[in-house]
Amino acid sequence: MKEGKSVKSNGQQHHHDQNGHLSPFKFAKLLDPEASWDKDQLGDVLHWIRQAVALVCGLLWGSIPLVGGIWIILFLLISSGIIYGYYAIILKIDEEDFGGHGALLQEGLFASITLFLLAWILVYSLVHF
Amino acid sequence: MAPSALLSGSKYSDSLAVVGISICTAIICEAISWLLIYRTTSYKTLRSSIDRAAKKLETMKTTSDAQKFTKKSKTKKMDRVETSLKESSRDLSLFKFKSGAVVALVLFAVFGLLNSLFEGKSVAKLPFVPISIVMKMSHRGLNGNDPTDCSMAFLYFLCSISIRTNLQKFLGFSPPRGAAGAGLFPMPDPKTN
């Protein structure tokens, strides 16, 4: 049986930081395979990872530039691969507890596609013309 | 050459104007939504009831899976929670719809402004040849046959989706995951469009 991560309520996940800044605890949790994740928290993290990958890919490919529709497919494969690698290999999440692979892979997908296209088109247009 | 001079000298510097206006519009729309929707007690109550029902349903499903059997009373209880969740989601949608008309007016006005400013003008260059369905929007109102010319409408569409979705997410205004209609491609909250 695959070792899964339990789904806990939000109340158990709060880290009390009196200064209100992001504490080392929170960043450590992002890479901790032993940490317990709430469905909403994990969804948010996956969303922002997708957006970051989209922005980086868009900026990079617009700068080089990489041209052609094939790079959209490659972006989808790369970003999905990163997301899958993060939750399956680094966090060792049991996807059954979070709605399956589909639910996890679709977090922030559409927004990331539009962000990627926007960054790619903008950089390509502004830098190379 | 300074970056600003480089960008202003670019053939497609108008794209920056489109992006800038989109960002401002997104901020204004979220501010209006906050005033009319998010800060109200009704919204907060509905939102928390949806979150509670969704979590309760999740727990009940996990428990019944673990027990490998479903009691009739458990199924009935799950149906009740699910019905309550759907009703709360519907009420939330209706509530937002009434207030969303103002935001829709703002977006309509901004699109009209952008259209008058950039009609017939290519504001960016696409690094790919779009498929025919996408080209209907990306080549909207443009002269010539170059499929890689990008119209304001397509760029504005990309800006709207990406900026507003992420802004809503950042501010915590995204629709709750338990609500109906989250779907494969969650758009920015449609009731605030």
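Good morning. I begin with the interface: 32 residues of chain B are in contact with 30 residues of chain A, where contact means heavy atoms within 4.5 Å. This is a predicted model, in which local features need pLDDT of at least 70 and side-chain atom pairs count only at pLDDT 80 or more, while totals for chains, interfaces and linings use all residues. Residues are numbered from 1 along each chain as its sequence is written, chains are lettered from A and ligands numbered from 1 in the order in which they are written, and side-chain values use heavy atoms, with hydrogens and water left out.

The size of an interface is often given as the accessible area lost when the parts come together. Here chain B and chain A bury about 2,800 Å² between them, and 71% of that lies on carbon and sulfur atoms. Pro127(B), Phe128(B) and Arg177(B) supply 23% of the area that chain B buries against chain A, more than any other three residues. Buried area is the accessible area, taken with a 1.4 Å probe, that two parts lose on being put together, summed over both.

Between chain B and chain A the count is two salt bridges, a salt bridge being a side-chain nitrogen of Lys or Arg within 4 Å of a carboxyl oxygen of Asp or Glu. In one of them, Asp40(A) pairs with Lys55(B), and the closest N and O atoms are 3.5 Å apart.

Which element of chain B gives the most to the side that touches chain A? Helix 6 of chain B does, with eleven residues. The residues on that side divide into 19 nonpolar, seven polar and six charged. In this scheme Ala, Val, Leu, Ile, Met, Phe, Trp, Tyr, Cys and Pro count as nonpolar, Asp, Glu, Lys and Arg as charged, and the others, Gly among them, as polar.

Ser162(B) is found in helix 6 of chain B; helices (H or I, at least four residues) and strands (E, at least two) are DSSP runs, numbered from the N terminus. Is Ser162(B) buried or exposed? Ser162(B) counts as buried because its relative accessibility is 1%, and buried means under 20% relative accessible area, exposed over 50% and partly exposed in between, with a 1.4 Å probe and protein chains only. Its side chain reaches the backbone oxygen of Leu158(B) at 2.7 Å and that of Cys159(B) at 3.4 Å. Not counting residues up to four places away in sequence, Ser162(B) touches Ala111(A), Thr114(A), Leu115(A) and Leu118(A).

Chain A comes to five helices and zero strands, and of its 129 residues 46% count as buried. An unreviewed UniProt entry lists "transmembrane region" for residues 70-89 and 109-127 of chain A; such annotations may be inferred rather than shown by experiment, feature names are shortened, and positions are given in the numbering used here. Residues 70-89 of chain A are 100% helix and 0% strand, with end C-alpha atoms 27 Å apart. For chain B, the unreviewed UniProt entry lists residues 16-38 and 100-118 under "transmembrane region". Residues 16-38 of chain B are 100% helix and 0% strand, and their end C-alpha atoms lie 30 Å apart.

Notes: Polar contact = N/O pair within 3.5 Å; in protein donor to acceptor, adjacent residues only side chain to side chain.
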